[in-house]
Each structure stands twice: as structure tokens, then as C-alpha cells.
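Biologist: Could you take me through this model, beginning with the ligand and its surroundings?

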Amino acid sequence: MMWTIFLFGFAVLLYFALTHRSRSKTEPPLDKGFIPWLGHALEFGKDASKFLNRMKQKHGNIFTVHVVGRYVTVLLDPHSYDAVIGDSDSLDFTRYAQVLMDRIFNLQLPHHQPVKEKAIMKQHFFGMNLTSLNNAMSTHLKALLKAEIPSNRKDWKEEGLFNLSYGFLFKAGYLTLFGGEQNNNSTDPSSVYEEYRKFDGLLTKMARGTLKSAERRTAHSVRHRLCELLAPAGLSEDSGSSPWLHAYRRLLQEEGADEEMQKKAILMQLWATQGNVGPAAFWLLGHLLTHPDALTAVKREFSRISQMETSETALLDRLVNTPVFDSALEETLRLTAAPFITREVLKEKTLHMADGQEYLLRKGDRVCLFPFISPQMDPEIYHEPQKFKYNRFLNEDGSPKIDFYKGGRQLKYYTMPWGAGTNGCVGKQFAINTIRQFVYMLLTNYDLELCDPNAQLPEVNTGRYGFGMLQPEGDLLVRCKPRNAL
Ligand code: HEM
């Protein structure tokens, strides 16, 4: 008994000796929390935005917190973001991305070539290739809308707006990039969507490693089913998948990834390409439907386009400007895009802040920007930041507004839904075009309204801060029917 107590006491002392960390004068303020090893993990996971706001009140624009055995330096001054985004020598994007790949997708790529992967993506999501992707997306969206809400339908179709937006965009995106039709002649994209939603519901817990045992079993079986559904995607020229997916498959084979790893990698791409667009369209439509002035302004802009003879190609090829829509989308993303921009410190670095302060970052720690707090929700930059104002990004003459200030200085980064720098979102333009197409089709060809005219947008699921687009807690019931149905 004495020995057990002694050994336990010794283990505790050893643990503290090994993990004890104190702040040196040159480092950011350190906040370890009270729980050994876990540190602030519980509060962080429950509502990262609330937690980081509390830390900001306590320590200012830069501080280091202890979370599950790791030290994370959080930087919240947008004037200083370039010091992190621009330094890929000392700060690495790939390592943390690989940790997440392993936790969420159980994916370990043997000879991962992220630079080549990105080059392939850039080649396929810009220029002429982007135009053909936009066209394919438009065709699939139209067909799906027609199939689910036929033009002769006279009664209203009632549905949750989140499910409606996510469902249409996910299925159209899946058909466009992964070629589901030819892949799984017995499987329609709805099955992939249904499985994906189950997976998505557990995603943040997978990333944090906090799944309960029943959830872990569900996560494994859903991941397995999704991998099987995606198995043929990108394999052969006639699989109906996009040229990008073929090229990606070839890269995986070149890297020596076996069949199992290839399927998991394809699932990861499904998440990267489809996980944010649907939720973004939901928040945009939700904000429009709950702000009649905004809805009227966007509809007015769209009706001018629909009167043009070449309305469709004009919209697809961005021959027409839609500043009102663009502003409403930017405002939506300001309020609901909340990614962490995380980098691993590869070698000790002195971080030069815009206010002249300098801080030492330790090798092995992580650095995290959370633009949601600042610039996006910063009251010094945006008046009444919690409110949706569709014309916030418009000047009085109707041109796009891009000048925003903090501390008297113009901001380079006034919103950051797409990240920034070399690791910024490759699919940004495709995503914007897709959302624009979808909202245009819905608002011009269908009547869409709230089932309860006084309904408000649902609350945000606070567990999703840090993972790209936020998702709602619950849904917003809407009804929809073709515009000219008699
Ligand atoms: C509303 C929709 C979307 C949002 C808000 C969004 C946002 C983001 C963000 C915040 C990042 C990470 C930046 C960083 O960590 O520094 C990212 C990366 C990425 N996104 Fe998106 N994204 C969206 C849609 C898409 C689409 C449709 C595609 C592809 C078709 C795509 C492809 C990618 C890729 C490949 C990366 C990784 C870049 C890298 O490895 O450096 N995204 N996105």
C-alpha cells in the first residue's frame, strides 16, 4: 500500500516536472487553466469563441493557452496577421493538417506531396477549367431542383432551409466533381448525402478526439460506408468524375497510397469541397428571408439579370456584376465563417506585432488566428457587429466597399472566411459561383418563404467554432414552389 502511494506520488511529481512551463518575459501571456494536461480543453471545445473572447479580455491580443497537452498561441490582432500567414519557413500548415487527416479520416499518406496536390487543384479550379465546372454545376443544380420541385407542382414543399440548401448543393457538387451517377448506378447522391451528414455531425468530436465509444463505432461504420460509396470515383476516364479527381487519383497512386488510403483521401476531398458551401448558402438565404429589405434588394438585382437574353451565361461567366448579392454574401460570411488558421512552429520565431511589441514563439507550439473575433465581429471595425446589414460592403454609389479601419489604420484583412496567403482556399471562386447560381435559381424561378413569417434564424452550434462555416442548432422551416405554377 505504502509503495503504491509512493509510486503514485512520484508519478504525479514527475508529470508536473516534465510538463511544467512558465512564461519567460519575451513570451506572450501564458494561461494554463486548472486541469492538468487537459488545460482549457473543455471550455475551448464547448464554445471556442466565448472562451477566446474571455482570454482576450484578460490578456489582450496575444496569449498562449494550454489545451490537451499542447500550447497554442492565439493572435487576435488583424494588423499583425501577415506575420503568421506570410512566414511558411518557421510556421508550417501541413503538420497540423496531417494530424487532422489522421484523426478524422484515419488517413496517413505515405509520400504525401501537398505542393503537387495544390498545384493540381489550382490547375482545375481556375480559368477555362473553372468555367466548365461552373457549367456542370449549373446543369446538376437545375436537374436536381426540377426533380425535387417539378415545374408543375402546385402545392408548397415544406422543408428545413439548412437541409434544403446543404442537400441540393452537396448533391450537385458531388455529381460535378465525383461523378456519382456513373459511379454507383444503384446509388443516388442522396445516399452519399445522408451518410455524409451523419459523418459531418461527428466531425468536430473526431477532430478533438472526444468521441464516446458508441459515437466512435458510428463514426467508423459511416466512414467505411462512405469510402465504399466513393470507391470508384476518379478511377477511370468514364467514371463521370471531374478531370481534377482523375488527376488526384493518379497522384495518390504515384505516392504509393493503397486502395484503402485512396478511398479515405477521396472522402477527405469530399469534405474539403462540399462541407462549407451548403451551410454558407443556408445562412445567406436565412438572413435574406429574415430581412425583407435585403431580400428585395437582391431580388431586384437578379431580376435585371433575368431580363437579359443571355442571363444564364452572363451569370456563369461573371459577365455581369452583382454587387448587392456579393455584399450580402460577404456580410453572411463575416457573421458565420469561423475557421481557425493554425500553424505549427517549426523553429523558434520572434513575432513582430503591428504595435511594435515582440514575442517569442516556442518551437513545437501552435499558432492560431481566429479572424471571427477580429476583424469579423470587432465592434471597432463594424458598427453593431452582431447585426446582418446586407449593404455593409457597399459604398453609397453602389460600388464594393473594401476600406475598413482599426486603430485609425486601414485593414488588409477585414474579413477572412477563406483564410489567406499560400494556404488560402483554392475553391473560393468556384464556391462563390455555386452559391450565386443556387440563390439566383431559387429566387428567380421559385417562391421561397418562411413557414412562420416571424421566425428567427436558429442559434449557432457553438461546438463548431474553428471548423470553417458554422452550422445551426436546429433548422428554419421554409416553403417552396415553382413561381409560375397555377
Ligand atoms: C463557402 C465555402 C468555403 C469556405 C468558407 C472555405 C474556406 C476555407 C478555409 C478557411 C481554408 C483554410 C485556410 C487556412 O487554413 O489557411 C480553406 C482551404 C481549402 N479549401 Fe476551401 N472553403 C470553401 C469552399 C471550398 C470549395 C468549394 C473547394 C474546392 C472545390 C475548397 C477547397 C479548399 C482547399 C483545397 C483548401 C486547402 C488549401 C491548402 O491546402 O493550402 N474550398 N477553405
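Biologist: Which residues are the closest to the ligand among the 23 that surround it?

Modeller: This is a predicted model, in which local features need pLDDT of at least 70, side-chain atom pairs count only at pLDDT 80 or more, and totals for chains, interfaces and linings use all residues. Residues are numbered from 1 along each chain as its sequence is written. A residue is taken as near a molecule if its C-beta atom, placed from the backbone, lies within 6 Å of it. Of the 23 residues that surround the ligand, the closest are N276, G419, N423, C425 and G427.

Biologist: How many residues of the shell around the ligand are nonpolar, polar and charged?

Modeller: Ala, Val, Leu, Ile, Met, Phe, Trp, Tyr, Cys and Pro count as nonpolar, Asp, Glu, Lys and Arg as charged, and the others, Gly among them, as polar. On that basis, the shell holds 15 nonpolar, 7 polar and 1 charged residues.

Biologist: Which helices each supply at least two residues of that shell?

Modeller: Helices here are DSSP runs of H or I with at least four residues, and strands are runs of E with at least two, numbered from the N terminus. The helices that each supply at least two shell residues are α6 (114–124), α13 (259–274), α14 (277–289) and α19.

Biologist: Which strands stand at the edges of the open sheet of 6 strands?

Modeller: Two strands pair if DSSP finds at least two bridges between them, and the sheet has the order β1-β2-β3-β9-β6-β4, with mixed pairing. Each edge strand has a single partner, so one side of it is left without a neighbour in the sheet; these strands are β1 (30–31) and β4 (91–92).

Biologist: In which sense do β3 and β9 pair?

Modeller: Strand β3 covers residues 70–75 and strand β9 covers residues 366–369, with L75 having L369 as its bridge partner. Over 4 bridges, the sense of their pairing is parallel.
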